[in-house]
Structure formats: structure tokens, C-alpha cells
Amino acid sequence: MKKMLRMLTMSLLAAVLLIGVAACSDSSKSSGTSKSDGKKVTLDFLWFTDGVEGDVMRDIIKDYQAKNKNVEVKLIEVAYQDYTTKLKTMIAGGKPPALARVTDTGIFAEQAMDLKPYVGGVDKFTSQFLPSIKPYYVKKDKIIATPMDVTANGIIYNKTLFKKAGVEVPQSPDDVWTWDEFENAIKQVKEKGGAKYGLLVDFTPHRYSTLLYEFGGSIFTKDGSAPAINNKNGVAALDYFKKLHKDGIIPESVWLGGENPNNLFRSGTAAAHLAGNWMLSNYKDINNFEWGVTYLPKGEIRSSVPGGKYIMGFQKTGVEKETAAFIKYLASKEVNAKFNQNSLFLSARKDNNELDYAFGKDMFKVFSNELENTPEVAANDWGNQVVISKVTTDIRDAVVEVLSGGVSSKEAMDKVAEKLKEAIADSK
Amino acid sequence: MVEPIIKEHAAIKTAKKSSFRSDKLKRQIVPYFFVLPNFVIFFTFIVVPAIVGLYYSFTDYDGLSEMNFVGIENYKEVFQSSEYWKIFANTFKYAFAVVPLIFICSLGIAMLLIKEIKAKGFFRAIFYWPTMISAIIVGVTWKWIFGDSFGVLNYLIESLGFKPIKWLSDPVFANMTVVVGTIWARIGFFMVIFMAGLQSIPTSYYEAAQMDGASKFRMFRSITLPLLKPTSFLVLILLLIESFKQYPLVLALTGGGPAKQTTYLVQYIYEFGFKKGELGYASAMSVVLFVVIAIFTVIQFKWTKGGTID
């Protein structure tokens, strides 16, 4: 009996160990694989899709594979909400993909491969792209990613409701509205145009920060060494954001009730949506009302918030050389143009600033103009991703707390400033 | 002549004895093999991660960089964090509302549905159905009903000429919607457990009590409740653990808002671990949550004397 029990215990342990060994084995190798004869290489490419860009990328991969018979690029699509967690898990598990599409470049800066040796140095490479996005992909003289597209925040409005209310939107950058004028316009669209909701603002600190910059504020000081979000301008921006909610210009249901602003805008009952250029491909199929893009109202200054998507290669994959070659191909003028033109995105390359879009050419011009009028501090703030990624939830929560009447704007921003200080100290 | 017979008899006896021994052995060993797959899964996906989590709670692990041992720093931070205890209070309030409400409602429905009523099967199915739906879908469904702008309820209220109610952007209403959603989703599961418990009570007890002229309430108090004690204990323990672990339903329904008023511990821990990348701190919060649930379970166990019938 004892012998049997011992055997049983041994078999249980063996089974557990077997699972453990299976789970831990091969951990040094990445998801990118290279055959032993060195001929065929597979590059795992982690990807998320907002609109149609997944199909466009598949076409580009097909072209690349036709030219490079020894390379197979495997596009692995993951839903955006799980994306960062999935990528972190892959890296932490010792199996990073060969490359990935990323928005938060700073989080993975230490794990990213340096593209510098493959692209002819930092200056030569960065000179091809918009200067404002440099902090996103150059860290400590390392090129950690290549920019693919840039994003800008802007105003998408319901043309049908504005027409009905007899309100005309600014036609050129010279006659943009002030926030007071914009408030009045929205009130009119609600009263005369029948809009149920005024301005929808996405439930993210990124979109909220548009107001912060327009009020002359910023998240960090110019050199990024200290928080600035709780200064006079930062507090004034939040006070105004609260006022817009109280006056019914912005519906409370988005920031307090978790309502999806995209759905509200699509319903045709909202006057305008403070979103980004990526929404153009999303709203393309709306056919129950007319919509368009207009300039953001101005505060002390005009501002949008730059963002974008980047392609990052990873270290310790064993296929770094092939990955760099593919990334270089994606960064080229022709491929970048094809990707952005067909996906309806703004290109990050300077020489692709006038693409021949099949849809909304004029709308893209408005978004480009917003970017041109954005202060450098906005790019520096959001480019400081190692720190900003740790406090975005705190900023959002603080804004919500103010909107729900729990604390004053000053108290909330002071609290965020403390979190920022901690994050800055941790990053050193 | 006699000797071979005796030998044969002895041989049969030995064979029988050895066969009996091997049967006994089989009976003792075989169940372990049936348990083996579950044990391996439990060990790999529960025990090992729990040990790893405990280890992480003493480090500054962020999921990517090298981890450093920080001693009890994370625990100190947990106990000093006013926000953690605010979220803990949210979770406790939620549990305080949900546990008795589900307990009473599921017991009441179970008592109704064990009686011989028309369309009994239909009603049982109606109440049980929501338990088969994923918590995320339940959350989305209730959001569709309670949504401030698009909700069915507000549409009806507005159609009747009244002002819409801020179901999800007002803290009180938001908490209420989460409780309503949870009750709807979980009542069927506990109803089935209670039905099993109620059906195990011999009907002769009720017949005898009836003959003695006991009222319905007296029968409920003196027969049903005491004999249902083991089931009640199980239901209370399960409900308490479930309510402290609430996450998917509330995430889909309110997202934890407004202003974290419906954020409960698991969502808070998840956000620290996976959104902020503070896995060490998140692990420490998980360990504290584990200890709290364990304490409540022990108190409940002692209080109800382990669910034994007096």
C-alpha cells in the first residue's frame, strides 16, 4: 500500500513538473523564428486595428514577402483593450514578438531594439519625420521605433444640425472660434437645431489635455523635471471643463456615466465630438446625417495634442536583422504613403503631408493645421511616456472627481501633481 | 485423498485473500487517479500563481524590468493608502447590500418553486437563465437598460414627459444599478442550491407540525431554517466570496464610476497591476484581500458553527 501511495505521489509530482517544464521551456527564444538553415525567417508582428488599416498592412506584408522570399511576416491581431497587457506578458515571458504596433512607446523603451545601426543614424532618420513626435521614438540617443502615422485631436461636427440651427463653422484658421463663441454656437445648435447633446469629449486625459494646452497649461514643466498641471492655467482649464458640464454643453453621461461618445455622435443627436482624426474612417459609413470637421476653438493659444502609432522591434528575438529590414521598408516614403492613404491616416513623414485620400481630403487639412498650431510642450508631455503612462488613470480620475463635485480643481490637480512627482522620481 | 483437497482449499483461500487485497487496493487508489487531473490544474493555475503572487508582493516588479526585493514596503503602502480603504469600503457596502438581498430573494423564490404550482419548470428556467450568461453580457445588458443617454428606462421616462434620471452618473443610482444587476444575474444559482436543501427536509416534519397546529411562519422558523443551516452556510460563504471578487459585471455596467464610487477591490487591483504596471503593489493588495476574505469566512464558520444542525 505504502509503495502504491509513493508511486502515486511520484506520478502526481511528475505530472506537475512536466506541466511546469512545458510551460517554462524554450523561454529564451522569441516568437520570431528562424530555420536552422538560415533560409526562412518568420517575424511575428503584434497588431491592433482601429479601422481598415489591418487589411492595408496585410497588403503591404504580401508585397514585402513577394520581394523577400526568405521572410514570412505573421500578423497577430489583438483587441486594443488587451493589447498592452498581451505585449507585456509576451515580453515578461521571454517571448517578445519580432515587432509590434505601439502607441505607448515609453513603456517598452528598455525592451525595444535600437534601430540606429540599421537606418543610418539618428539625425538622418529623424529628419524624415515631423519634429514634434521625436520624443516618442528617440530615447537616450536610441531609435526605439519608427513612426507610421500621427494623430491630432480636433472637432467633428454634425453638419445637418448646424445647418438647421443656421450656425456656420469657421472656414479658415484665421477665423477660429474662441471657447465662448463655440459655447454660444453649441447652445444655438441645441436650441434651434434640436441637438440633444452638445459637445462630446472622449473619456481620456489625452483629449481633456487639449483644453489644458489651450489654457496655456501643461502636464510637466518644459524640461519634464516637475509637474505643472496644478499651476494657475491647469486649474483654470479644469474649472472651465467643469463649467462646460454644468452648463450642459458637455453631457455628463460620458465622463460620469461611461457612455460611449462614438455611439452618441452616430445617433445624430449630438452637435459635435472632440475626438481625433482616426475617427474619420470610423464615421465614414454614417449616412443618416451630414458631418464634417472644423477647427478647435482657441483659448489663450490654439492647440491640439499630437499622438500616433509606431512600429517597434524587440531585442533578444534572434531575428533582429530581418526585423530592422522590414521596419525600414515600412518607414520608406512609398510604403508609408500607401499605408496612410489607404487607412485614412495622417502620415508622420514630412514628405507625405499631402496624400491623395479617397475620402475627406479637406478634413485632413484641418487636422494637419491643428497639429501645425500645437505647442511643443504637448508633444513633450505625451512623449514622456515612461512617466505619463503611470499617471493617465490618476489624471482621468481626478477630473472625474471634480466633475462629480467631490473636490475642487486645485485640490484634484495638487493630488495629480503628487503622483506625477512620484512617477518622475521612479523613472530616474 | 484428504490432503490434496485441503491443499486445494488453502490455495483457493489464498487466491481469494489476494484478490480481496488487490480489490481493496484498487478501491483506495483509483479515486486518486480521478482526482489527479483536477489536482494538476488546481496546483498549476491556483497554487503556483498564488505562491508567485505572494513572492511578487515583496518586490517592486512591474512586469517588464528586473524585480527588486522591497520587504514589506508594499504592505505598508497598502495600509497607509486611504484610497485602498475607500475602495475596500465600497466593496464592503456592495457585499453588505448584495449578500442579504440575494440570500432572502433566492430562498423566497426557491420556497415558491418547490411547491406544486402551474408552469413550475418554466419559472425555474426563467430564474436560472441569467446565471448562464457571462457577467460581461449581463453588465452590457443592464447598461442598455440604465444608460443615461441611450437607456431604455430613460427613454420610457422621457416619453412620459419626465426628466431622465442619471442612473449611471449619480453615485447612489450607480451603486443601485450594480446591486440590481448582480441580484438578477446570481439569484438563480443560489435558488437552485436552496431548492436542493429544501427538498432534503422530510415532509413528515411539516405534516406533524401541521397536525400540532403550527402556523406557516412557525414551521419556517422551527423546521425550515434550522434544517437548512448547512445550505445557508454554504450560500453565505459563496455569496460573500463572490461579492468581494466582483469585477466583470461592474466593469461593463459602470466601469467603476462615477468617480470610483462603484470601483471594487478586484478592479482596483487589476488597474494597478496591469494598467499602471505595479505588479508588486497589486500582489500585496491581493494578499490583503485574501486574508480579509479568509477572516470573514472563519467568523462566519464560527458564528454558524460550520453549518451544523443543532
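**Entry 1. Ground rules.** I am working with a predicted model, in which local features need pLDDT of at least 70, side-chain atom pairs count only at pLDDT 80 or more, and totals for chains, interfaces and linings use all residues. Residues are numbered from 1 along each chain as its sequence is written, while chains are lettered from A and ligands numbered from 1 in the order in which they are written.

**Entry 2. Confidence in chain A.** I checked pLDDT, the predictor's confidence in each residue from 0 to 100. The average for chain A is 88, and 91% of the residues score at least 70. Over residues 15–30 of chain A the value is below 50, yet this stretch has 18 contacts in the model beyond near neighbours in sequence. A contact requires C-beta atoms, placed from the backbone, within 7 Å.

**Entry 3. Strand β7 of chain A.** I took helices (H or I, at least four residues) and strands (E, at least two) as DSSP runs, numbered from the N terminus. Strand β7(A) covers residues 146–151, and six of its six residues are buried. Buried means 20 or more other C-beta atoms within 10 Å of the residue's own; exposed means 12 or fewer, and partly exposed lies in between, with C-beta atoms placed from the backbone.

I then traced the partners of the strand, where pairing needs at least two DSSP bridges between two strands. β7(A) pairs with β12(A), residues 307–313, in the antiparallel sense over five bridges. With β13(A), residues 346–347, β7(A) also pairs in the antiparallel sense, over two bridges. Here A:V150 stands opposite A:L346.

**Entry 4. Chain B.** I counted 13 helices and zero strands in chain B. The radius of gyration, taken over C-alpha atoms, is 27 Å, whereas a compact globule of 310 residues would have one near 19 Å; the globule rule is 2.2 Å times the number of residues to the power 0.38. The C-alpha trace of chain B spans about 105 × 70 × 35 Å along its principal axes. Buried residues make up 29% of the 310 residues in chain B.

**Entry 5. Where the chains meet.** I found 29 residues from chain A and 28 residues from chain B in the contact. On the side of chain B that touches chain A, α1 (2–56) and α12 (265–275) are the elements giving two or more residues. The largest share, eight residues, comes from α1(B). I sorted this side of chain B into 13 nonpolar, nine polar and six charged residues. Ala, Val, Leu, Ile, Met, Phe, Trp, Tyr, Cys and Pro count as nonpolar, Asp, Glu, Lys and Arg as charged, and the others, Gly among them, as polar.

How values were computed: Contact = placed C-beta atoms within 7 Å.
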